[in-house]
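User: I would like a close look at a single part of this model, and then an account of how the rest is put together. Please keep it plain.

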Amino acid sequence: MQTLNQTTNSSKSQKSSTSKDSSASLISIAQSDVDEVLHLFETELEGLSEPEAKRRLDKYGINEIAREKKVAWYVQLLKTVTNPLSILLIVLAIVSLFTGSTTAALIIFIMVLFGGLLRFSQEFKSNKAAEKLREMVSAKATVNRKNEHTKPASPTKDTTGTTKGKEIEVKLLVAGDIIFLSAGDMIPADVRLIEAKDLFLSQSTLTGESLPAEKHVDLSDRNEKNPLELANLCFMGTAVVSGSGTAVVVETGGHTYLASLAKTVSGSKPRTSFNKGVNGVTMLLLRFMLVMAPLVFLINGIFKKNWVEAFTFALSVAVGLAPEMLPVIVTANLAKGAIAMSDKKVIVKNIDAIQDFGSMNILCTDKTGTLTQDKIVLQRHLDPYGQESNDVLKYAYLNSFYQTGLKNLLDIAVLEHDQELESLEIEKNYQKFDEIPFDFVRRRMSVVIEEMGKQHVLICKGAVEEVLKVCTQLKVHDRVETMDEAARTKVADLQKSLNSDGLRVIAVAYKVMPTDQAHYAINDESDLILLGNIAFLDPPKDSAAEAIKALKRSGVDVKILTGDNEIITQKICKDVGLPVQNVLLGSDIEALSDDKLAEVAATTTIFAKFSPTQKAKVIQVLRKKGLVVGYMGDGINDAAALREADVGISVDTAVDIAKEAADIILLEKNLLILESGVMEGRRTFANIIKYIRMGTSSNFGNMFSVLGASALLPFLPMQPVQILINNLLYDFSQTGIPFDDVDREDLAKPPQWKIDNIQRFMIFIGPISSIFDYATYALMWFVFGATTRDNQALFQTGWFVESLMTQTLIVHVIRTSKIPFFQSRASLPMLMITASVMAVGIYLPFSPLASSLGFIPLPAVYFVWLAFILTSYCLLTQFVKTWFIKKYGYS
């Protein structure tokens, strides 16, 4: 808390202590009386003078929350090519360039640049779209400022020299300013109330609670430790629903409670499941490359005695091992997913989130505005014993219709039933005679109406227990009965039952008054007849139940993290078909260690009365357990959790901080889009993993073949340029992967990055290709007599064609866990691209480019042997793949 007696150094305190220090100071201010608070901030009821306000503004800064700095386009572009994989490829390209391998360097640079530009263009467009969602508003505040000049400053200046109701920009407020609040105002800073009249605030953006909170000067509970529950504090970002008040500003800008939440979402987002997975694959290939390339260099140098040629060949091997197409394949898959989501009116700000969406096995969500409509509706109107009653609705409507002042959400919900009561012709048949206003002691209000000029009827509406205190009778089935203890018990039981259904209950009572009474007061609220109850609910969205059912089928568990109470939350869960396993309250987690909290969180469905930092903590501990966690929310209180999650999901109507923290923004509040996003993410993941499996196993097998050939042959098994062409053609054959079909089984459950399983797959499947490479060596050596340097071109051409054919054809075996072509067939683009690459590979030895590339035409009989080798290779790979899946699984 930055009071005037503290230095500005406190503003630079670490994030971890900000929230706790701020809460403690706010509690202290709330517990102090008004005079103590004014003294603490060196101010008075007449307000600050203009010079003093300017001095404080210069010292402490403007009243604005620092937004995350916008990243320049060129910085955003640079970030797309500074991941570990791209850096590795760039280093290889530079080494190739300096050693004369210009073609290899050019190919790698093109791949890295293409992948980077593809990612940049998609994210740049998404961020631009997200920016357009922000509404820029220049807000004003009404403030008391003491005018120290003798000449009158304005017509509203009083004899004390104070200018009443001066409007200034919110950003010019300082600690110690005295401000006025009225219905419709946004709270411009953190303030302590010094006067309040019927003041209700909407705090839903901070707490998730859809009903307005009562605010007044005195604390009812001095032991309350949650600042948001302190009745005499109001916070920046909340809004006045009704009533008025005067307050002293206690915090501004970066020191407000809202700012402490904003700080939790600033800076870099934690590494997600996707980031860790891609980096893990990169490190696996890097380790493999650092072993194989030097080994090839040494073996060739020792056996061939030509160290320059050995180095060039080893460099080509390193390039061949490098998955230069991985950035392109990954980005193309992600971009395709983002485009597919945009067709469903979803903005994907961070395309990596597409894959995390698919891997998500836990979806945590706020309740208000995400599962519910964030709109109070009148659900029931019942007589005292629970039967539907139109009289209750009629009298409740009359009370809400004729009460003065701004209608609260409950009144608005009642007044939406005007069509049902249209026949009453209320304005014609009923006239308001008097009103007994609401206050926080009675917690009820009454209006007196004159019914068709015949009689006065006092209609009272308020908290059930307070209305019951002034009732002596009740009306059931058009009969008025005495309210004895049995009747009171029955009425109380009905209220408990409605509350357990998550309904907020308001009682309605009436009393026929004498027509000659001229004025009404609180004393007239006596001997009333209880007419019944009206019950309100924030209903679930129409799509919520179906969406939760679909997510459950897809292996995604849904958990509710809310600032609301557990009773209402349990009711919403019941309505949307979400089974509740356990409930955890925010007040209970402080005593839990991280490990214990993770254990409890894994088996808990509802997290109620949770603060923003507690929500983020739950996300954090669930991720530490290895779970991939998504979070969906739209309020300020959701921002920290959105940033902490693997994938943050928000909506276009969310507050700016929530949209900035989110990875994905839904433009329509249809929760069924969530399942579409999950499926799109799983398709993306499946196709990325296809390339990784194919690339790693193929490269691993090829290098075994190269190592053996280097030791056994008196010449190179393939020229460096041939290796590069082979690699380039093979890479091109993979460009159809983003458009490939995915087996239904691969979409059934959340996939995971299992680097150890990828490594095992590489070790078991890769060497199979080496078996047939060695068979090809034997074929070229013993059958076709390619045994000397003079006819090495025949050997190299034969192995080039076989190597390319096996690598390309095996794509169809590895892409599915089923039997290829029969049980699972690749998409048409994939089939056409792989067929084209195989055709080019066969054509090259017969093309005009053959001699310049070191190729010679192959004899016709070679292709008979090739067909046998390819068939055998596919059968053996299918056999080993089936065994591998049974033993280790495929994901």
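Analyst: D527 lies in the loop between β17 (504-513) and β18 (528-537). Helices (H or I, at least four residues) and strands (E, at least two) are DSSP runs, numbered from the N terminus. This is a predicted model, in which local features need pLDDT of at least 70 and side-chain atom pairs count only at pLDDT 80 or more, while totals for chains, interfaces and linings use all residues. Residues are numbered from 1 along each chain as its sequence is written, and side-chain values use heavy atoms, with hydrogens and water left out.

The backbone at D527 has a positive phi of about 50°, although D527 is not a glycine. Most residues other than glycine have a negative phi. D527 counts as partly exposed because its relative accessibility is 47%; buried means under 20% relative accessible area, exposed over 50%, and partly exposed in between (1.4 Å probe, protein chains only).

F821 sits in the loop between α28 (811-814) and α29 (828-843). Its relative accessibility is 37%, so F821 counts as partly exposed.

Buried residues make up 56% of its 891 residues. Among contacts (heavy atoms within 4.5 Å) between residues at least 6 apart in sequence, 75% join residues at least 24 apart.

Two strands pair if DSSP finds at least two bridges between them.

Four bridges join β10 to β19 (residues 557-561), and the two strands run parallel; T365 stands opposite I560 in β19. Four bridges also join β10 to β22 (residues 629-632), again in parallel, with C364 opposite Y631 in β22. Both faces of β10 are covered: I362 and C364 on one side, and L363 and T365 on the other, are all buried. Elsewhere in the sheet, β23 (residues 647-651) and β24 (residues 664-666) pair in the parallel sense over three bridges, and V651 has L666 in β24 as its bridge partner.

Next, a helix pair. Two packed helices are described by the angle between their axes and the distance between the axes. The axes of α11 (residues 326-342) and α24 (residues 672-712) come within 10 Å and cross at roughly 165°. Axes are lines fitted to C-alpha atoms, for helices over the stretch in contact, and angles run from 0 to 180 degrees between N-to-C directions. The two helices are therefore roughly antiparallel to each other, a label for angles over 145 degrees. Residues of α11 that meet α24 include L326, I329, V330 and N333, and those on the α24 side include I673, S676, G677 and E680. The residues of this contact divide into 10 nonpolar, six polar and two charged. Here Ala, Val, Leu, Ile, Met, Phe, Trp, Tyr, Cys and Pro count as nonpolar, Asp, Glu, Lys and Arg as charged, and the others, Gly among them, as polar.

Technical notes. Angles under 35 degrees count as roughly parallel, over 145 as roughly antiparallel, 65 to 115 as roughly perpendicular and the rest as oblique.
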